[in-house]
Protein chains: 2
Amino acid sequence: MNVLNASHLQQRLHEASILPTLQRMAVASVLLGRPVHMTAEQVLDAARRQLPSLSRATVYAVLQLFVRSRLLKELPIDGASTVYDSNTEPHHHLYDIDTGAVADLSATQLQVLGVPEAVGGMQLVGVDVIVRVRGLVQDSVSMR
Amino acid sequence: MNVLNASHLQQRLHEASILPTLQRMAVASVLLGRPVHMTAEQVLDAARRQLPSLSRATVYAVLQLFVRSRLLKELPIDGASTVYDSNTEPHHHLYDIDTGAVADLSATQLQVLGVPEAVGGMQLVGVDVIVRVRGLVQDSVSMR
DNA sequence: TTCCATGCAAAGGGTTTGCACTCTC
DNA sequence: GAGAGTGCAAACCCTTTGCATGGAA
């Protein structure tokens with residue numbers, strides 16, 4: 001993590017009213033620099049290269065904090081473990097059912113028609129689209 | 001479970017090359033009679049009303065067997081436990097993020113445009129759309 | 001000094017597995 | 001009898017929690 005990245009990340013945490021501790025900066029540098037899809041365990045492994053003392057419980061706590069602060073999204077891809085996505089733009093996902101690899105589909109590439117906006121006192125929160133494929137090769141997440 | 005249902009269910013299992021044991025018939029009668037969304041635990045509870053000796057491990061085994069045989073689908077709704085859907089028609093889902101209630105959206109009600117059919121050796125398996133809402137009241141699943 | 005953040009270990013929920021018993025073909 | 005299906009309990013994985021320590025405002 002270079003100085004430019006560090007200050008940029010620090011600013012993003014500041015904007016989200018998050019105290020930039022060492023642990024949070026380590027997690028942020030793994031996830032928030034570019035759009036990635038990672039499980040908690042992958043985040044832990046990557047962040048420990050930078051901060052070996054980092055504990056699993058702290059990573060889970062930081063991930064939840066980042067989700068609450070809308071720096072990350074949890075992906076509704078079924079499977080053993082939660083996948084965190086640092087792409088905060090509206091978008092959808094390609095999911096390789098064999099390898100667990102995940103790739104983004106922009107909201108302009110793929111559109112959903114007929115979403116019930118607010119029927120009968122019901123409030124729309126969000127729409128997730130998962131396109132399940134075999135043979136996807138990019139951006140591997142290796143979940144299984 | 002009346003006799004008509006029983007023979008109908010038995011036929012569905014037969015068509016799927018599944019031996020119609022007592023346990024499998026109990027699970028089938030809970031799930032396969034009409035479109036429902038249920039967790040493994042809910043299936044166990046319901047099936048035990050019919051066959052009290054039914055074990056949890058067997059229910060999980062039968063659910064997996066039914067999914068492999070395409071009698072059921074696992075819903076990609078994130079959350080603690082897997083939800084099984086006995087509606088085998090192409091359709092999508094409304095999901096209440098507060099109550100866990102699930103409702104179907106027919107494929108004609110909601111359409112997805114721009115799905116990449118088969119790019120670069122990649123094979124399309126399926127498309128899941130989850131519309132997350134608050135305040136949905138029908139067809140409660142009470143997951144949380 | 002008062003919170004908030006962290007780390008460890010243990011607990012928790014959901015699911016799977018090992019193994020012996022039972023049933024079907 | 002051979003193979004498949006079942007039940008129990010233990011194991012397993014992912015995640016959360018309790019509690020004591022450490023650091024920031």
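User: Which helix gives the most residues to the surface near DNA strand C?

Analyst: This is a predicted model, in which local features need pLDDT of at least 70, side-chain atom pairs count only at pLDDT 80 or more, and totals for chains, interfaces and linings use all residues. Residues are numbered from 1 along each chain as its sequence is written, chains are lettered from A and ligands numbered from 1 in the order in which they are written, and side-chain values use heavy atoms, with hydrogens and water left out. Helices (H or I, at least four residues) and strands (E, at least two) are DSSP runs, numbered from the N terminus. With 4 residues, the top contributor to the surface near DNA strand C is helix 4 of chain B.

User: Which elements each supply at least two residues of that surface near DNA strand C?

Analyst: Both chains take part. Chain B supplies helix 4 (56-68). Chain A supplies helix 2 (22-31) and helix 4 (56-68).

User: How many residues surround DNA strand C, and which are the closest?

Analyst: A residue is near a strand if one of its heavy atoms lies within 4 Å of it. By that rule, 17 residues surround DNA strand C. The closest are T21(A), R24(A), T58(A), Y60(B) and Q64(B).

User: What share of the atoms of DNA strand C within 4 Å of the protein do sugar and phosphate account for?

Analyst: The count takes the atoms of DNA strand C that come within 4 Å of the protein. Among these, sugar and phosphate account for 88%.

User: Which protein atoms lie by phosphate oxygens of DNA strand C, and how far is the one from T58(A)?

Analyst: A polar contact is a pair of N or O atoms within 3.5 Å; within protein, one must be able to donate a hydrogen and the other to accept it, and residues adjacent in sequence count only if both atoms are side-chain atoms. S53(A) uses a backbone N or O atom, 3.3 Å from a phosphate oxygen of DNA strand C. For T58(A), a polar side-chain atom lies at 2.6 Å.

User: How many charged residues does the surface near DNA strand C have?

Analyst: Ala, Val, Leu, Ile, Met, Phe, Trp, Tyr, Cys and Pro count as nonpolar, Asp, Glu, Lys and Arg as charged, and the others, Gly among them, as polar. The surface near DNA strand C has 7 nonpolar and 8 polar residues. Its charged residues number 2.

User: Which helix gives the largest share of the surface near DNA strand D?

Analyst: Around DNA strand D there are 17 residues, and Y60(A), Q64(A), T21(B), Q23(B) and T58(B) come nearest. Sugar and phosphate make up 86% of the atoms of DNA strand D within 4 Å of the protein. The largest share of the surface, 4 residues, comes from helix 4 of chain A.

User: How far is the polar side-chain atom of Y60(A) from a phosphate oxygen of DNA strand D?

Analyst: Phosphate oxygens of DNA strand D have side-chain N or O atoms beside them from T82(A), at 2.9 Å, and from T58(B), at 2.6 Å. For Y60(A), the distance is 2.4 Å.

User: Which residues of helix 4 of chain A meet helix 2 of chain A?

Analyst: Contact means heavy atoms within 4.5 Å. Helix 2 of chain A brings Q23(A), R24(A), V27(A), A28(A) and L31(A). Helix 4 of chain A brings T58(A), V59(A), V62(A), L63(A), L65(A) and F66(A).

User: How many nonpolar residues does the contact of helix 2 of chain B with helix 3 of chain B have?

Analyst: Helix 2 (residues 22-31) and helix 3 (residues 40-48) of chain B pack at about 110 degrees, with axes 9 Å apart. A26(B), V27(B), V30(B) and L31(B) in helix 2 meet V43(B), A46(B) and A47(B) in helix 3. This contact has no polar and no charged residues, and its nonpolar residues number 7.

How values were computed:
Axes are lines fitted to C-alpha atoms, for helices over the stretch in contact, and angles run from 0 to 180 degrees between N-to-C directions.
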